[in-house]
Amino acid sequence: NHDVTPKTHVAIVGAGIGGISTAYWLKYYLNDSVAITIYESNQIGGRLKTININGDEYEAGGSIIHEKNLYMKRFADELGLEKLNVPKALPYVMTNDGSQTLFSTLHRYIPNLFLVLWRYGLDAFRLNFWLGRKLSNFIRIYDYQDNGRIFNNVEEFLQMLDEDFSKATRTSFRKYLFEHGFSKRFIDEIGQLATLVNYDQSVDTINAFPGLVSLMAAGSTLWHVKGGNHLVPKQLLERLLKQSNVQYVNGYVKSVEEVHRIDINDQGGNVRLSYKPVNSELVHSVDYDHIVLAFPLHRDNINDFVLQSTDLFNQYDYRMQSTHSNFLSGKLNCQKYNLTNDECQRLNAIFYTKSSLPYRAVAEQLTVNTNKKSTNQSIYKIFSPEKLSSEDYKQIFDNDKFQLIQDIPWLAYPKYEYPQKLPPIQINKNIFYVNAMEWSASCMEIEAISARNIAMMLTKQLGFELKRSDKHIEF
Ligand SMILES: CC(C)=CCC/C(C)=C/CC/C(C)=C/CSC[C@H](N)C(=O)O
């Protein structure tokens with residue numbers, strides 16, 4: 001019933017996948033009893049974005065989704081967005097520092113499975129079996145959430161799925177894999193490749209939970225949204241805005257603070273949000289019942305943002321990992337790997353396992369619309385922790401046969417450590433923090449899981465029944 005006056009007013013700060021899916025789940029549970037205002041100073045989609053090169057779009061932010069990521073799948077299906085599988089068998093070379101090949105899937109006649117078995121022996125088999133079991137434990141989350149189970153902090157989330165997930169946050173990925181019986185070669189190559197490519201950290205510095213998520217991303221069926229993953233938050237927002245009591249404000253939120261009301265009859269909100277619309281210098285203040293922070297709080301932004309619990313954040317040094325996505329056209333230098341012309345033509349990616357190198361991986365890009373390479377020229381994306389020089393590019397491409405199209409620096413994900421300090425999901429009674437969960441491991445699905453959990457916490461706190469999952473929200 002759209003005439004019902006909302007009982008609670010919620011502000012969501014951030015229109016990335018975390019913020020928009022929080023709005024989705026809040027509407028799912030509270031429908032007309034909630035009024036939502038979403039604030040964003042930048043583009044909708046946050047770290048989900050594409051880049052246009054000569055009329056073709058390529059993923060420039062979060063790019064892959066696992067086949068068992070059921071919330072991302074649900075969103076795409078409800079929006080009628082097409083899911084395109086990431087091709088599995090694209091040939092690649094793995095090298096330590098570019099001077100020699102450690103492993104390659106370029107062989108025309110020997111199946112990759114044999115190559116893997118030859119190099120990694122039984123580790124390759126055990127990995128599949130073991131990861132499969134870990135994945136079954138992870139996907140328990142969907143049943144738990146469908147049945148109304150809430151977790152109050154990140155540690156509880158990990159514990160309820162698999163006790164080993166929580167232990168994993170306290171140890172290095174190298175030690176964890178070693179203790180689970182994997183060989184040094186497997187750890188130095190497969191483990192290292194997975195964590196460097198997905199989180200720009202080595203097996204020695206990252207803790208084992210994001211390590212596991214990286215391995216999940218390296219060895220499974222993955223997909224992306226046709227047209228770009230950012231279409232999920234963008235189109236969800238468009239649909240939500242057609243509902244009653246959902247608003248969007250293009251403004252920069254400067255602060256969020258609790259309001260202490262002296263008069264108990266004073267019915268104003270509990271938390272005050274101050275913001276500056278993007279095209280104005282005027283600061284406005286609005287009171288809300290609840291505020292959901294849907295962007296990462298870290299040591300470089302926490303003090304710009306007045307939050308009474310900053311102490312809680314300052315005592316831990318939460319940092320983000322800065323990453324550059326460099327888009328180039330060019331021709332790879334294949335001589336280093338003794339490849340024939342034909343092999344060089346087929347080569348899709350080079351992965352480097354030496355973490356002190358200035359770059360992590362170079363891969364030819366597929367357009368987000370066709371899932372195919374550009375017909376005009378080869379477009380490559382190189383991940384690097386710092387800005388690259390032309391000398392660096394010359395190590396990868398044939399002589400001067402390359403052109404830098406764009407270097408996109410971004411704060412891509414948290415910098416993980418062990419033991420991992422995990423921020424609170426509920427900062428105080430009325431302020432929630434969706435991105436706390438990305439300090440377990442950062443990916444779209446974990447944001448959507450976190451969003452549902454917060455919507456459930458709020459629904460319960462307001463005294464409403466949590467409905468059992470009946471699959472679809474009605475728009
Ligand atoms: C921990 C276990 C057993 C399962 C995790 C399941 C899961 C959440 C899989 C997601 C894997 C994935 C697609 C990770 C992406 S990592 C960040 C990446 N660089 C990106 O493009 O988003």
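Guide: Helices (H or I, at least four residues) and strands (E, at least two) are DSSP runs, numbered from the N terminus. The model is predicted, with local features needing pLDDT of at least 70 and side-chain atom pairs pLDDT 80 or more, while totals for chains, interfaces and linings use all residues. Residues are numbered from 1 along each chain, and side-chain values use heavy atoms, without hydrogens or water.

The residue is Phe103, in strand E8, residues 101–104. Its relative accessible area is 5%, so Phe103 counts as buried (under 20%; exposed is over 50%, partly exposed in between; 1.4 Å probe, protein chains only). Beyond four places in sequence, Phe103 is in contact (heavy atoms within 4.5 Å) with Tyr92, Val93, Met94, Leu115, Val116, Arg119 and Tyr120. Val116 lies 13 residues from Phe103 in sequence, and their C-alpha atoms are 8.6 Å apart.

Ser329 can be set beside it. Ser329 belongs to strand E14, which runs over residues 320–332. With a relative accessible area of 7%, Ser329 is buried. Its contacts outside the four places either side in sequence are Gln377, Ser378, Ile379, Lys401, Phe402, Gln403 and Ile405.

An oxygen atom of the ligand is 2.9 Å from a polar backbone atom of Ser63, and a nitrogen atom of the ligand is 3.4 Å from one of Asn198. H10 contributes the most, with four residues.

Methods: A polar contact is a pair of N or O atoms within 3.5 Å; within protein, one must be able to donate a hydrogen and the other to accept it, and residues adjacent in sequence count only if both atoms are side-chain atoms.
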